[in-house]
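Here is a short note for a colleague who is opening this entry for the first time. Please read the points alongside the view below.

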Amino acid sequence: MTIVILFGQTFKPKTTRMNFEYTEEQLMVQKTARDYAQRELKKDVIERDTNAEYPTQHVKNVAELGFFGILTSPDFGGVGMDNISYVLALEEISKVDSSVAVIMAVHNSLACYGIEKYGNDEQKEKYLPGLASGEKIGAFLLSEPEAGSDASFQKTTAEDKGDYYLLNGVKNWITSANTASTYLVMAQTHPDKGHKGINAFVVDRNTEGISIGPHEDKMGMRSSDTHSVMFTDVKVPKENRIGDDGFGFKLAMKLLEGGRIGIAAQALGIAAGAYELSVKYAKERKAFGTEIINHQAIAFKLAEMATGIETARILIHKAAWLKDNNQPYGTISAMAKLYATDVAMKVTTEAVQIHGGYGYVKEYHVERLMREAKLTQIYEGTSEIQKMVISRAIAKE
Ligand code: CAA
């Protein structure tokens, strides 16, 4: 092998680690997700959205394909794929049905990853196999009526009672609140210590004292299962605490770094779905004697949409790659979420515009994608919170 010396360093010419190619496995995951989304999810997505109907059968089917254990190690019954595969799958599912995608994202990035990365051996063995098979769904309970963006302002208490903790309080906007069996709950044990007093617990949904609020009638992602959750004197065994006493807030922050890659991929899928529908429509629809794609007003919109989507994809895949390669990814994941969710909003709005009156009716899908895009700028940290995370990192550089 030839070695060259440049600026005092040795290099192997024509070798590089930068590589935009996907592996066979990653492409297989992408194709599996795409086929399922286009063949099955699409059939009844408008009815599910209109009726705010939970996608029970689709969640089972997607779990059978392995997507509810996609990141979880085979040691615990998962598929053990990388984060690139995960974002490819989420993008394809989100092109068609973001409600299924968010159930999958919260389950994988927050619940399963949280237990696998920070849980002890007993917790992993007890909870992960059921979650990885999709037989059980996971939820992440951080937000409260007064603690959304200001996540450390936790009012839910977890009093240390010796061999158990006693949970009291209310959690808000919880994805899969009613369908999940396994909750990852953040609660305050030492109010005098602020965020350093917060703990994280795995809690079985069926524990006495847990009640669920009404289904939130949302603008978009209407068929995902969003409720508040009330804890009234809920006894949680001591062994269900994850990590050391007081680690709960940091655990939540660390998990959201990965969660945001998933939501960015979801936003990307929403944008890509709207873009693909717009290209198809623009090639078919005629106005002023020609297909509208031949009008610069439409063609330039498509060019901008494609550029935004491709840029978002590169950022998301970089964040996923960094996570796969055990390198810091919190700032890039915040950038990916900030950027991809803005692209989703812009692209879906333009998609409705390209479709004209047809874009404003449900049959053409793009109005729903626009409603779904809006939520991606809000949950798992608003765009303003992402700017806070990014700017704080810049200040520390
Ligand atoms: N990793 C590890 N530790 C971190 C961290 C990270 N990413 N971010 C902060 N911390 C640590 C800090 O180092 C600090 O620790 P020390 O005191 O030991 O130094 C501690 O946490 C407190 O940090 P900050 O002072 O920065 O905390 P803050 O109160 O200013 O809040 C924030 C920071 C980034 C704004 C945070 O509150 C936040 O992310 N808010 C948004 C919450 C959010 O995304 N909620 C989403 C809900 S889940 C959801 O939507 C799921 C769903 O169902 C779809």
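This is a predicted model: local features need pLDDT of at least 70, side-chain atom pairs count only at pLDDT 80 or more; totals for chains, interfaces and linings use all residues.

**Ligand site and a helix pair**

1. Local features need pLDDT of at least 70, side-chain atom pairs need 80 or more, and totals for chains, interfaces and linings use all residues. Residues are numbered from 1 along each chain as its sequence is written, and side-chain values use heavy atoms, without hydrogens or water.

2. For the side chain of Lys 196, the distance is 2.8 Å. Glu 380 uses a polar backbone atom, at 2.9 Å. The protein buries 75% of the 1,100 Å² that the ligand exposes alone (Shrake-Rupley, 1.4 Å probe).

3. Helices α4 (residues 83-96) and α5 (residues 98-118) have axes that come within 7 Å and cross at roughly 155°. That makes α4 roughly antiparallel to α5 (over 145 degrees).

Terms used:
Axes are lines fitted to C-alpha atoms, for helices over the stretch in contact, and angles run from 0 to 180 degrees between N-to-C directions. Helices (H or I, at least four residues) and strands (E, at least two) are DSSP runs, numbered from the N terminus. Angles under 35 degrees count as roughly parallel, over 145 as roughly antiparallel, 65 to 115 as roughly perpendicular and the rest as oblique. A polar contact is a pair of N or O atoms within 3.5 Å; within protein, one must be able to donate a hydrogen and the other to accept it, and residues adjacent in sequence count only if both atoms are side-chain atoms.
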